[in-house]
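This briefing covers aromatic pairs, charges over rings and helix packing. Please look over the sequence and the model before reading the points below.

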Amino acid sequence: MLMKKTLPLLILLFSCCYSVCSADPSLENNSNQVSITLLQMNDVYEIDPVNGGKEGGLARVATLRDQLLRRNPDTITVLAGDLFSPSALGTAPYKDGRLNGKQMVATMNVLGLDYITFGNHEFDLKKEPFYDRLKESEFTWISSNCFTENGTAFPGVLEDKILDIKGVKVGFFAVTLTKNQVDYVTYKDPFEIAQQKVAELRPKVDILIALTHLNKDDDIRLAEKFPAIDLILGGHEHENMQFWRGKGFTPVFKADANARTVYIHDLSYNRSAGAGEAPAKKLTITSKLQQITDALPDQPQTAEVVKKWREIGYTGFSKDGFDPEQVVATSDVDLDGLEASVRNSSTKLTELIADAMLTAADTAQLSIYNGGAVRIDDVLPAGNITEYDIIRILPFGNHVFTVTMKGSLLEKTLNKGEESKGEGGFLQTGNVSGGKGKPWLIQGKVLDQDAQYTVAILDYLIKVGDDKLKFLVDNPEVPTVADNGDIRKALIAELKKAFSAQ
């Protein structure tokens, strides 16, 4: 039994198939017991299923939510950040701009999302579309540490929320990591804010929940610093995880991105105790990691909204010269674009992208791009690859530039890329080997610090740059020789060369 001030027992179960069509007697309240269900998602960028249709899909999540509501009407659906961006469909031309997450908000509105906090990628949007998405949201945004440039709350965004569920007070506060900062947002330190919110809310509530979009280490730190938090529902990492930290063993949960999985948390709170009953004010949490697969049917209303925005997006892509449903090649191998893969090592997919850059920049000796440019976070199974798959892989539409770079600067760049393992700044390369304490080899030859190298590089790295690679941005020692066009077009050409087109 796990003891905590108000969290004496937590049971973690893994569920491959979860279907509840009627009320669960175990969740029916007696005079003292109040049952609350939390449905948790995080980092959702796709409205359709992923992995060849086998996993995810928000219409399936909507079905699960309906089942949970029938079992327990006190079901709350939350999302721990990253909804607006980076969405492949969100890059589609629409009216005078792009969809910019409009399809995500519309789908979550009909699905029935209740509460959400900001992820760092919400702020990928420019100010105007960001405000438009907030205005369109029928769900409630909570942010305790992100404010307007004037330090005021964004329109309709709460700093915290207290719910009264059958006399049990449930408090939420929410914090976001201060990464990818933009000028229309004021960021406050998430730990300073957490300290304030715990002090403010804990005396007022029976259950205190932190909705976070922090990295794993910061969630651990939050649990250790503030044992008065009963439950941390997190995002940012794209892989499911659970751990317990701090002197009260505060539980932290994160699901898989794109609703491959969700968490279902059943909270049972004993308001008071009579003779022979358990001690008063005891919170029990039973958590299940739920896979979202085709075993769950689509909820019709949500499926209709998904279909509508998919068609709008596909129509928009045609304006950029893409035919989303066009098959460009038929692969005989799986192509791994999972974030956990492309930010740590090379895969067949990352090698194809590196080769595509070398083909596009035909004078280049090597190619370099950041693993964070690959946003699909999915495995494309062997079979047909469509143009929309290409957009999903590389939604930002970066251009392949040819630049020149002295060997000493190239070595520094490669070293920093290696230091960024596990992060978006981890560098994928072509015609490069070595590293990990060994000399770097370019085209099989030891890198010469005094030589000049011709490099194919994504324009992002020299225009915007990753945290550890900012020295490349607007650097006069990295002159541009040529703009070789959209990386997505280059990848299409490379796939046609590598595989048999249908």
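Which residues do ring pairs link into a cluster? The cluster consists of Phe84, Phe118, Phe123, Phe130, Tyr131, Phe139, Trp141, Phe154, Tyr184 and Tyr187. The model is predicted, and it holds 20 aromatic pairs.

**Phenylalanine 84 and phenylalanine 130**

- The ring centres of phenylalanine 84 and phenylalanine 130 are 6.1 Å apart and the ring planes stand at 75°, so this pair is edge-to-face; planes over 60 degrees apart are classed that way.
- The two residues are 46 residues apart and belong to distant parts of the chain.
- Phenylalanine 84 sits in the loop between strand 5 (75–79) and strand 6 (93–94), while phenylalanine 130 is in helix 3 (residues 127–136).
- Phenylalanine 84 has a relative accessible area of 1% and is buried.
- Phenylalanine 130 is also counted as buried, at 0% relative accessibility.

**Phenylalanine 118 and phenylalanine 154**

- For phenylalanine 118 and phenylalanine 154, the planes are at 85° and the ring centres 5.7 Å apart, so the pair is edge-to-face.
- Phenylalanine 118 is in the loop between strand 8 (115–116) and helix 3, and phenylalanine 154 is in the loop between strand 10 (146–148) and strand 11 (157–158), so the pair ties together parts 36 residues apart in sequence.
- Both phenylalanine 118 and phenylalanine 154 are buried.

**Charges over rings**

- The face of phenylalanine 191 has arginine 221 over it, at 3.7 Å from the ring centre.
- Over the face of phenylalanine 471 lies lysine 412, at 4.2 Å from the ring centre.

**Helix 1 and helix 2**

- Helix 1 (residues 58–71) and helix 2 (residues 102–111) have axes that come within 10 Å and cross at roughly 20°.
- Angles under 35 degrees count as roughly parallel, so helix 1 is roughly parallel to helix 2.
- The crossing of helix 1 past helix 2 is right-handed.
- On the helix 1 side, Leu58, Val61, Ala62 and Arg65 take part, and they meet Met104, Thr107, Met108 and Leu111 of helix 2.

**Helix 8 and helix 12**

- The axes of helix 8 (residues 348–360) and helix 12 (residues 487–498) are 8 Å apart, and the helices pack at an angle of about 105°.
- Angles of 65 to 115 degrees count as roughly perpendicular, so helix 8 is roughly perpendicular to helix 12.
- Helix 8 makes the contact through Leu352, Ile353, Asp355, Ala356, Met357, Thr359 and Ala360.
- Helix 12 contributes Ile487, Ala490, Leu491, Glu494, Leu495, Lys497 and Ala498 to that contact.

Notes
Residues are numbered from 1 along each chain as its sequence is written. This is a predicted model: local features need pLDDT of at least 70, side-chain atom pairs count only at pLDDT 80 or more; totals for chains, interfaces and linings use all residues. Side-chain values use heavy atoms; hydrogens and water are left out. Rings of Phe, Tyr and Trp (its six-membered ring) pair if their centres lie within 6.5 Å; planes under 30 degrees apart count as stacked, over 60 as edge-to-face and the rest as tilted. Helices (H or I, at least four residues) and strands (E, at least two) are DSSP runs, numbered from the N terminus. Buried means under 20% relative accessible area, exposed over 50%, partly exposed in between (1.4 Å probe, protein chains only). A charge sits over a ring if NZ of Lys or CZ of Arg is within 6 Å of the ring centre and within 35 degrees of the ring normal. Axes are lines fitted to C-alpha atoms, for helices over the stretch in contact, and angles run from 0 to 180 degrees between N-to-C directions. Angles under 35 degrees count as roughly parallel, over 145 as roughly antiparallel, 65 to 115 as roughly perpendicular and the rest as oblique. A crossing is left-handed if the near helix is turned anticlockwise from the far one by less than a right angle, and right-handed if clockwise. Contact means heavy atoms within 4.5 Å.
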